[in-house]
Amino acid sequence: MTEPVVSLEDAGLRYGETHVLHDLTFSMSEGDIVTVIGPNGAGKTSLIKLILGIEKPSSGHVRQRAGTRVGYVPQRMTLQPTLPLTVGRFLGLAGGDNSAIEAALARTGVAHLANESVHYLSGGEFQRVLLARAILRRPQLLVLDEPAQGLDVNGQSALYELIQSLRDELNCAVLTVSHDLHVVMASTDTVLCLNGHICCRGQPEQISRDPAFTQLFGEHLANTLAVYHHHHNHSHDVHGDTVP
Amino acid sequence: MIDLILNDFFWRAMAGGLMVALVAGPLGCFVVWRRMAYFGDTLAHSALLGIALGTAFQANLNLSIALVCILLAVVLMLLSRQQSLASDTLLGILSHSSLAIGLVVLGMMQDFSIDLTGYLFGDLLAINQRDLLWIALGGALILALTVWLWRGLLMITIHDELAAVEGHRTGLLRLALMLMLSLVIATAMKIVGVLLITALLIIPAAAARPLAATPERMAVIASLLGMGSVVAGMTLSWHMDTPAGPSVVVSAFGFFLLLWLARARSPA
């Protein structure tokens with residue numbers, strides 16, 4: 001068994017007195033697709049920062065396998081219009097020659113945008129440019145923060161399909177944070193339900209019947225996604241703290 | 001030729017101005033891209049404190065200006081980490097306090113006659129050979145750093161976390177950019193003065209924006225426009241007997257207006 005690409009052991013993060021994340025233990029290997037869902041303020045973006053190494057855990061450990069190449073697609077990236085930048089140059093800043101850049105853009109279906117200014121792209125085009133930039137580095141770990149935000153339903157499923165086929169091609173671990181429960185539930189291998197800690201995890205059909213999941217996302221939504229029911233081990237009070 | 005430049009005050013001023021404009025081009029782009037105009041003003045105002053302290057301790061003025069600017073840049077960087085004051089409030093406090101302290105300290109030294117106007121608005125024509133040497137050394141250092149760190153500086157400007165993930169040392173790069181700005185302000189002060197330095201940084205960069213499709217081209221065009229402004233301003237100053245520093249800034253503003261008007265008239 002090779003070492004996982006990234007692993008968390010009882011990892012926690014706090015800003016001042018506020019515990020944003022606590023007791024996170026999980027790991028990802030090549031080929032794993034993990035999708036993190038959770039309500040606002042659940043610490044999804046903080047978890048990404050821990051995994052990327054931008055934030056250091058205030059307790060426990062976060063380990064990236066030495067020499068791991070990471071591809072990152074950040075959330076809601078706003079570019080200063082005062083900074084002139086073409087798509088090709090934007091990818092060039094990540095390293096890689098012109099033919100690699102062209103190939104990456106072609107792979108995500110936006111080869112025709114290479115000479116366009118990044119400021120005139122639509123939301124969907126820009127997400128694909130960011131994805132092309134991430135795969136240009138041939139990552140072993142691909143981290144995406146709300147990649148489908150602002151896309152319509154067709155755009156969302158096309159993007160998730162693309163991510164899945166990129167995983168097959170690059171054999172990388174993929175961690176995605178998402179709000180789009182329907183698309184997530186339909187496609188992903190493992191769902192990790194976050195609310196300060198890991199509430200529940202498992203296959204989509206398994207998790208959609210978890211009482212913790214119902215608690216977080218509401219009866220109606222959970223029922224529409226539900227297939228399977230499994231054992232309930234805790235609930236949350238109004239502050240999101242665990243109650244046995 | 002070299003003799004002429006070194007020995008004639010007009011050509012010394014021209015050479016000094018051109019060197020500063022060359023370096024200010026790319027750095028000015030970062031000031032525009034990262035919205036650091038107010039930060040530049042704050043550093044420039046603190047330069048006056050550098051002059052006051054340098055005069056009080058009879059130290060080299062260029063050195064004391066650079067040191068005070070660098071110190072302020074580091075203090076700003078440390079203070080901006082705590083979030084209880086908005087960064088523009090913090091900048092406003094440090095900017096005007098350092099200017100005021102500088103003026104008070106200068107006022108207390110009555111036995112020194114200091115040409116305050118020269119420092120506030122620049123005294124381009126008073127550049128001596130030693131100043132020229134400082135500008136050349138400082139300019140070469142900043143230019144070399146800009147080229148060397150270019151990709152990293154650009155990445156932290158586009159997206160700080162993306163830069164960090166891709167292995168750039170974002171904290172060090174931010175510090176380097178602040179130090180480079182401090183240095184360019186310390187060298188440019190002789191040319192346009194404390195109150196007009198930010199103009200020399202941001203006006204050529206802003207004027208270059210509509211002409212450029214890549215960041216590199218914007219930096220080069222900003223340098224060229226800055227150098228054009230020095231030549232035009234110096235010529236204006238020579239023929240019309242206007243103050244040199246403000247004439248340079250007025251020329252830069254002229255270029256800016258022309259380019260943006262031309263842009264507005266041309267069909268997009």
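Welcome to this two-chain picture, starting with one residue: B:Glu216 is partly exposed, with 23% of relative accessible area. The model is a predicted one. B:Glu216 pairs with A:Arg89 in a salt bridge whose closest N and O atoms are 2.5 Å apart. Because B:Glu216 lies in helix H11 of chain B and A:Arg89 in helix H2 (residues 87-92) of chain A, the pair joins two chains. From here, let us look at the interface and then at the charged pairs.

**The interface as a whole**

- On the chain B side, 22 residues are in contact with 24 residues of chain A.
- Together, chain B and chain A bury about 2100 Å², and 63% of that lies on carbon and sulfur atoms.
- Three residues, B:Ile158, B:Glu161 and B:Val165, supply 28% of the area that chain B buries against chain A, more than any other three residues.

**Polar pairs and the chain B side**

- Across the interface of chain B and chain A there are 7 residue pairs in polar contact, with both residues at pLDDT 80 or more.
- Four helices of chain B each supply at least two residues of the side that touches chain A: H2 (9-33), H7 (129-158), H8 (160-165) and H11 (215-240).
- H7(B) gives the largest share of that side, with 6 residues.
- Sorted by class, the side of chain B that touches chain A has 13 nonpolar, 3 polar and 6 charged residues.

**Salt bridges between the chains**

- Side chains of opposite charge can pair when their charged atoms come close.
- The interface of chain B and chain A holds 3 salt bridges, including the B:Glu216 and A:Arg89 pair described above.
- Another joins the side chains of A:Lys49 and B:Glu161, at 3.3 Å from N to O.
- This pair crosses between chains, from A:Lys49 in helix H1 (residues 44-52) of chain A to B:Glu161 in helix H8 of chain B.
- B:Glu161 counts as partly exposed, at 21% relative accessibility.
- A:Arg89, the partner of B:Glu216, is also partly exposed, at 24% relative accessibility.

**A salt bridge within chain A**

- Over all chains, the structure holds 8 salt bridges.
- One of them links the side chains of A:Arg65 and A:Glu30, at 2.6 Å from N to O.
- A:Arg65 sits in the loop between strands S4 (59-64) and S5 (70-73) of chain A, and A:Glu30 in the loop between strands S2 (18-28) and S3 (33-37), so the pair ties together parts that are 35 residues apart in sequence.
- A:Arg65 counts as buried at 17% relative accessibility, whereas A:Glu30 is partly exposed at 27%.

Technical notes: Residues numbered from 1 in each chain as written. Chains lettered and ligands numbered in written order. Predicted model: local features only at pLDDT ≥ 70, side-chain atom pairs only at ≥ 80, totals over all residues. Heavy atoms only, no water. Contact = heavy atoms within 4.5 Å. Buried area = accessible area lost by both parts, 1.4 Å probe. Salt bridge = Lys/Arg side-chain N within 4 Å of Asp/Glu carboxyl O. Polar contact = N/O pair within 3.5 Å; in protein donor to acceptor, adjacent residues only side chain to side chain. Nonpolar A, V, L, I, M, F, W, Y, C, P; charged D, E, K, R; others polar. Buried < 20%, exposed > 50% of the residue type's maximum accessible area, 1.4 Å probe, protein only.
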